Amino acid sequence: MRMIDLCCGIGGIRRGFELAGDFKNVMSAEVDKYACETYKHLFGDDPNNDVKDDAFKKVLRQTDYDVLLAGFPCQTFSRIGLLKGFRDTTKGTIFFEIAQIIQQTMPKVVFLENVENLVSHDNGRTFEIIINTLEKELNYHVVGVNHDSEELTYEKSSFIRNTKNFGLPQNRPRVYIIAFSRDYFGEHLKNIPNELPKNGSKQIYQDLTEILESDVPAKFFMSSGYLKTLENHKARQKENGNGFGYRIVNERGIKKPIANTILATGGSGKERNLIYDSKNGLKYAGRIIPYKKSVINNKFIRTMTPTEWGKLQGFIGYGFVDENGIDRFSFPEKMSDQQKFKQFGNSVSIPVIEEMAVFIKQCVNLMTKDFSEKEREGYLLPGAQKVIILKAQEWKKNNSKRLKIEKYCDLVKTVGVAQEFGAEKVSQQLNISLVSAYKILKNMEEMNCISHEHGKYELEYVGEKMDAFMY
């Protein structure tokens, strides 16, 4: 299955799908300069595209693909547009751009990843809008959503899966959304499970001790002054009845230590994941090194290293290990530690994604094996073309019983989407008169499925004001 990788970061979602087998990436998008450098270094593809850019959306309409992947940011939606549909409600957010791409290109499957907070963000309103948009406006079946009469019901917890249950020693709950197109799969959707995988099939590391490096440079050990500041802060929080503060994740007494969530911002992601390391700490305790304002602490406490964070996400030691057992993961030369921490913290846990991709593949195989010949034919049609054909069929139903829909379908398949053509080409390709060609093109303009400028036409459904959904 062909996939597009949006808001791709350094490619964790893509790699998880590639490991599942039968998935091939055909287009990527990322705006962070340094993430783009790492992505290109790993995959050879330059992902420097912006999902907000109309020119990029046009390229996607020309791209034949099956699965849309996106690890989009969590953003607040407009309350003003609440009853006006997703185009008003989500405008100005990355989800708006992704929803518009789905509307225009109709992927067979949508896979979205986000932070755990998405389900409770803005009192649950953000997540409800996303589910309503996918289910009611874009006509997708979201795994985990039930249809009780006209109402959509679901348990928020059914969308949350934790990295620690998928073979990696990191407590990292994240939201995963998998949605299948009703226009492609129809009644066959009732045959697939309505629950996401809960556990992984592989135990990659037993606990945190297996990912710790044996030789760690002095720069990762905390200065005595900074460690004292953290200790004082934790003591104050405790006095106030709070549990905030630094944490040594492998301190004595913990039988199977695991890391807390690592974060793109570094900061608390590092301080909540401190390591007791006497082996290396003995070498550096009391030493003064550049960029530290006081000597290295004598309690042997350090932050984790970028390599250890890479292992916690399955990039290092798993995701890029080839058939000969050689780990092919690396960063571009001169990539700073700060960027490495940021990129790993902002990424996904590859083994979790792999399990989700296997689940998607199993569901698709389960449904397509029972397809009729007509369904198989429709399944081969690229999404952007299918969108226009469905609009033509709907227009025929509401406006003209005598309209020969076959000619419109032939036009879409012949000239493709977002490609320039003239009325003469329509006449020649469909073997009809020029008058009939102009009539078809005029009808398609009324369907909002064609653009016309300087005598040239392009088939493209760029969306219209959608029906409001009640919240």
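Which helices and strand each supply at least two residues of the lining of the largest pocket? I found helix 1 (12–20), strand 4 (109–115) and helix 13 (337–345); helices (H or I, at least four residues) and strands (E, at least two) are DSSP runs, numbered from the N terminus.

I note that the model is predicted, that local features need pLDDT of at least 70 and side-chain atom pairs pLDDT 80 or more, and that totals for chains, interfaces and linings use all residues. Residues are numbered from 1 along each chain as its sequence is written, and side-chain values use heavy atoms, without hydrogens and water.

I then looked up the lining of this pocket (an open set of 1 Å grid points where a 1.4 Å probe fits, with protein on both sides within 12 Å along at least five of seven lines; lining residues have an atom within 4 Å of a point). The lining has 36 residues, and Cys7, Gly71, Phe72, Pro73 and Asn346 lie nearest the centre.

Next I turned to salt bridges (a side-chain nitrogen of Lys or Arg within 4 Å of a carboxyl oxygen of Asp or Glu). I recorded 26 in the structure. Aspartate 66 pairs with arginine 2 at 3.7 Å between the closest N and O atoms. Aspartate 66 lies in the loop between helix 3 (54–61) and strand 3 (67–70) and arginine 2 in strand 1 (residues 2–6), so the pair ties together parts 64 residues apart in sequence.
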